[in-house]
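Please look over the structure before reading the points below.

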Amino acid sequence: MQDAGIWIQQAEPQPTYAVLIDEQHLVSKLYNMVNVPTGVWIDEQGRIVRPNEAAYVDNRYTHIHRLEAAPYLAALRDWVEKGDRSSYVFSEERTRKTMAMPNPDWALAAAEFGLAEHLHKAGYLAESIAHFKEAQRLNPESWNYKRQAYLLSDAKRDYGTSFGKEVAKLAGKPYYAPRDLPGEAFTGD
Amino acid sequence: MQGQPIRATVIYDDVATEVSSITDNGSLWMTTSDLARTTRFELKANGVCRDSLCFPLPGTSSDEFVRTFEDATWFNLIAFAQHLSQPVAFEPLRATWCFGQRSDEREQIASLEAPDFTLPDATGVQRSLSDFRGKKVLLVTWASW
């Protein structure tokens, strides 16, 4: 709340939707998310109808990740209007095929990350770093683990790297998994 | 019961609890009253249960899970985690264990039912995903880093 609160309280216009504080990365754990912003579409019955994907709603970082907001917003509006008849809603089979599914390494990574966060909060920085590193090793796809750990420490001193250096290592590979939207390359189906 | 008595920190369902324990050879024993306080699981005749959820214990190796010591019943939470394919992270210098998602929790998302959660808003009011049942929900995560 100390870090995120200002973004909520000073937003103009004020949000008309619920904005929740997730100090322990609970939603990322439950939905196997690896980056922000990540969006999931959930229908009126509480069913996932479009799984994890990059959910930018403006173009302020398009020069970095090359994702335009317009196709995502158009898809979202189409779903709101047409519901299950929207062509952007995935079938159950396609959702299962596309979404991040349970994985024992990722589950252990989440436990290591939870332990690291607890140790850091308790003031045990040195002990926390080993477990942040283990979480990153077990789930190397998680930018959330990297970025949170770097923020809570001196990344260069404790991890020998930085967010920028890690992004540079991608060497042209996309920072986000490609979205499945018209006109965009998609390799997951 | 053999082992070293310690003051342990157990993180279960993201909640940290201090508990008097006995540890030996990768085990973590606590009294059944501490088990309930730490995990909300209770030892019952049909297994280890919480609300409508019950996990039977293998009868052939019950000594691995439950022992009687100094007029109290003790439960080995590490053996239970292994039984449920639940990952455990451990920091020996701080006697802290963090229990992750059990396999039944991990596999829930394969049903495509959106996992429910409850979190506070900026004013401290607790809100649940299930509060929005009957409406479409766009769930978006972001961070201030």
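T38 of chain A stands opposite T141(B) in strand β13 of chain B, and its bridge partner in β2(A) is A54(A). The model is predicted: local features need pLDDT of at least 70, side-chain atom pairs count only at pLDDT 80 or more, and totals for chains, interfaces and linings use all residues. Residues are numbered from 1 along each chain as its sequence is written, while chains are lettered from A and ligands numbered from 1 in the order in which they are written.

**The sheet across the two chains**
- The open sheet has 3 strands in the order β2(A)-β1(A)-β13(B), with antiparallel pairing; two strands pair if DSSP finds at least two bridges between them.
- β2 (48-54) of chain A and β13 of chain B are the edge strands, each pairing on one side only.
- From one strand to the next, the twist averages 15 degrees, with axes as lines fitted to C-alpha atoms (for helices over the stretch in contact) and angles running from 0 to 180 degrees between N-to-C directions.
- Between β1(A) and strand β13 (residues 137-141) of chain B there are 5 bridges, and these strands run antiparallel.
- Within chain A, 4 bridges pair β1(A) with β2(A), also in the antiparallel sense.
- Strands of a sheet pair through backbone hydrogen bonds.

**The side of chain A that touches chain B**
- In contact are 55 residues of chain A and 42 residues of chain B, where contact means that the C-beta atoms, placed from the backbone, lie within 7 Å.
- Elements of chain A that each supply at least two residues to this side include α1 (5-9), β1 (38-42), α4 (69-82) and α7 (125-138).
- α6(A) gives the most to this side, with 10 residues.
- By class, this side has 33 nonpolar residues, 11 polar and 11 charged; Ala, Val, Leu, Ile, Met, Phe, Trp, Tyr, Cys and Pro count as nonpolar, Asp, Glu, Lys and Arg as charged, and the others, Gly among them, as polar.

**Chain A as a whole**
- Chain A holds 10 helices and 2 strands, which are DSSP runs (helices H or I, at least four residues; strands E, at least two) numbered from the N terminus.
- From the N terminus on, the order of elements in chain A is α-α-β-β-α-α-α-α-α-α-α-α.
- The C-alpha trace of chain A spans about 55 × 40 × 35 Å along its principal axes.
- Of the 189 residues in chain A, 29% are buried, that is, 20 or more other C-beta atoms lie within 10 Å of their own, with C-beta atoms placed from the backbone.

Note on methods. Two residues are in contact if their C-beta atoms, placed from the backbone, lie within 7 Å. A residue is buried if 20 or more other C-beta atoms lie within 10 Å of its own, exposed if 12 or fewer, and partly exposed in between; C-beta atoms are placed from the backbone.
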